[in-house]
Amino acid sequence: MRRHALLALPILVALTAPAAAQPAPTAQQERMTSCNADAAAKTLAGDARKAFMSDCLAGRTTAAAPPPLTAQQDRMKSCNAEAATKSLSGEPRQRFMSACLSGSTAAGASGAAPAVADGSGRFASEASAKRACGGDPVVWANPGSQIFHAAGTQFYGKTADGGYMCRAAAEKAGYKLAGGKG
């Protein structure tokens, strides 16, 4: 009996010992997990799954781009952005959103020319700049330093004398990207 107890001891120790930290998955393992999840989400099976997995693992597939916003969704996004820049809440926000969504404000008016903040091409709000710039990125331009900041950077929208501009217009006016990159 004693001999069996000694044989079971290593198994018992292995079961109760803390698990060793597993190394982080490799890039290939992460890709396999991602491709499997995508194939499962698309409910692929058989040859279709095999072809998808082959393409996915080889990097020939990309994540599906979100569908473009409808006109109403675009208007809602624009109106929400403008209401946020005006720090509206409660009843004033409701009135503003109602007017904006019906098209009776600058943000809600489709096809209306956006108001330029000043003669240098700077806009009063990010929302109006985005509408005017179309596909061109909106930047935060500082006229004193002739430097602009890209969206998502530390000083975008935060300096005292800056304003929103289309990047192409800022570059044409002689502004340079902060940090000199891009």
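Tutor: Start with E1 and strand E2 (residues 147-150): they run antiparallel and are joined by four bridges. Strands here are DSSP E runs of at least two residues, and helices are H or I runs of at least four, numbered from the N terminus. This is a predicted model, where local features need pLDDT of at least 70, side-chain atom pairs count only at pLDDT 80 or more, and totals for chains, interfaces and linings use all residues. Residues are numbered from 1 along each chain as its sequence is written, and side-chain values use heavy atoms, with hydrogens and water left out.

Student: What stands opposite Val-139 in E2?

Tutor: Ala-150.

Student: And what is the strand order of the open sheet?

Tutor: E3-E1-E2-E4, four strands with mixed pairing. E3 and strand E4 (176-177) are the edge strands, each pairing on one side only. Two strands pair if DSSP finds at least two bridges between them.

Student: Switching topic. Which residues is Cys-166 in contact with, neighbours within four places in sequence aside?

Tutor: Phe-123, Ala-129, Ala-132, Cys-133, Asp-136, Pro-137 and Val-139. Contact means heavy atoms within 4.5 Å.

Student: What about the lining of the largest pocket, by class?

Tutor: Five nonpolar, two polar and six charged residues. Nonpolar covers Ala, Val, Leu, Ile, Met, Phe, Trp, Tyr, Cys and Pro; charged is Asp, Glu, Lys and Arg; the others, Gly among them, are polar.

Student: Which element gives the largest share of that lining?

Tutor: H6, with five residues.
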